[in-house]
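Subject: Structure handover

Hello,

Here is the structure we spoke about, with my notes below it. Please have the viewer open as you read.

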Amino acid sequence: FVLATIAMAKAPLGINDLVELLAPEVGDERNEMVYAVQYSVQALGPIINVWEPDDRLSVCHKTLSDFIFDESRTREVIKRLLMRARKPCDDGDLERYITHRPELSVRLVEACLRLMNNRLTLNICRLPTSHCRNDAPPNRRAIAINPIPNYLVYACQHWAEHLEGLDGNASYESDKILLPLKVFLFTHVLHWLEVLSLTNSV
């Protein structure tokens, strides 16, 4: 799941960004996800790139992404590996290893909306004035002192792209997406535009 998220990401993400996207806000599940992400990144070292200076991650080649999201090829390879290891497998066992692109899109949209609804706020960088440009000295200092976390920038920049990847015939979308999307649209659209402005994304 961690590898699939790295492969589907619209921009390279750091380990902390993955944790914020994939883990609940608090609780044991978050601690487990922190461990899972750290372990997976270490184990997947040969097939992922780590970009300096902020250790953002991406898959080493597009063919790997193509393979991860090709369900029939992945299912066949996993079946052969399990047989070679002499481990019994049935369809339920195989499904644990298969990445369904629409389902992952749902999780990423849900994560982006959760982050934006929980973290976006008015004047997020505490600019001293709105009467001058973002790159004017007083505002530039405030942005440097109170930087917007990369995972929140990612959510603001790419939530709509993940939304485009949803399966329009899937029934689970309405429960997980529509309510947080409504909260976002009614509460945080101006805050979202502010982040896009501060990060030169518009």
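Which residues of α2 are buried? They are D17, L18, V19, E20, L21 and L22. Before going further, please note that this is a predicted model.

**Overall layout**

The secondary structure comprises 11 helices and two strands. Along the sequence the order runs α-α-α-β-β-α-α-α-α-α-α-α-α. The chain has 202 residues, and 39% of them count as buried. Take the contacts between residues at least 6 apart in sequence: 67% of these join residues at least 24 apart.

**Helix α2 and its surroundings**

Back to α2. Six of its eight residues are buried, so the helix is largely enclosed by the rest of the structure. What do the buried residues of α2 pack against? Their partners are α1, α3, β2 (56–59), α7 and α9 (150–164).

E20 makes a salt bridge with R119, with 3.3 Å between the closest N and O atoms. This pair ties together distant parts of the chain: E20 sits in helix α2 (residues 15–22) and R119 in helix α7, 99 residues apart. E20 has 8% relative accessibility, which is under the 20% cut-off, so E20 counts as buried. R119 is partly exposed, at a relative accessible area of 25%.

**The other salt bridge**

How many salt bridges are there by this rule? The count is two. Besides E20 with R119, K62 and D66 meet through their side chains, at 2.9 Å from N to O. An α-helix has 3.6 residues a turn, so residues three or four places apart point the same way. K62 is exposed, at 59% relative accessibility. D66 is partly exposed, at 37%.

**A buried charge without a partner**

Now look at E194, in helix α11 (residues 189–198). E194 is buried yet has no salt bridge. Which side chain of opposite charge is nearest to E194, and how far away is it? It is R126, 10 Å away. Leaving out neighbours within four places in sequence, E194 is in contact with T121, L122, N123 and I124.

**The loop between α7 and α8**

Two residues to check here are N123 and R126. Both are in the loop between α7 and α8: N123 and R126. Most residues other than glycine have a negative phi. N123 is not a glycine, yet has a positive phi of about 55°. R126 also has a positive phi of about 55°, and is not a glycine either. Are they buried or exposed? N123 is partly exposed, with a relative accessible area of 29%. R126 is exposed, at 62% relative accessibility.

Start with the largest pocket. Its space comes to about 750 Å³. Of its 28 lining residues, F1, A4, R96, Y97 and T99 are the closest to the centre. Which helices each supply at least two residues of the lining? They are α1 (2–8), α3 (28–43), α4 (62–68), α5 (71–84) and α7 (101–119). By class, the lining has 19 nonpolar, four polar and five charged residues.

The second largest pocket holds about 160 Å³ of space. Its lining consists of R119, T121, N123, I124, R126, N146, P147, I148, P149, Y151 and L152. These divide into six nonpolar, three polar and two charged residues.

Several names from the earlier notes return in this lining. R119 is one of the lining residues, and also the salt-bridge partner of E20. N123 and R126 belong to the lining as well. T121, N123 and I124 line this pocket, and E194 contacts each of them.

**Where to look in the viewer**

Then show E194 with its contacts T121, L122, N123 and I124. Last, show F1, A4, R96, Y97 and T99 around the centre of the largest pocket.

Best wishes

Methods: Residues are numbered from 1 along each chain as its sequence is written. This is a predicted model: local features need pLDDT of at least 70, side-chain atom pairs count only at pLDDT 80 or more; totals for chains, interfaces and linings use all residues. Side-chain values use heavy atoms; hydrogens and water are left out. On a 1 Å grid over the protein atoms alone, a cavity is a set of points where a 1.4 Å probe fits but cannot get out, and a pocket is an open set with protein on both sides within 12 Å along at least five of seven lines; lining residues have an atom within 4 Å of a point. Grid points are joined across faces, edges and corners, and a volume is the space filled by probe spheres set on the points. Helices (H or I, at least four residues) and strands (E, at least two) are DSSP runs, numbered from the N terminus. Ala, Val, Leu, Ile, Met, Phe, Trp, Tyr, Cys and Pro count as nonpolar, Asp, Glu, Lys and Arg as charged, and the others, Gly among them, as polar. Buried means under 20% relative accessible area, exposed over 50%, partly exposed in between (1.4 Å probe, protein chains only). Lys and Arg count as positive and Asp and Glu as negative; His and the chain ends are not counted. A salt bridge is a side-chain nitrogen of Lys or Arg within 4 Å of a carboxyl oxygen of Asp or Glu. Contact means heavy atoms within 4.5 Å.
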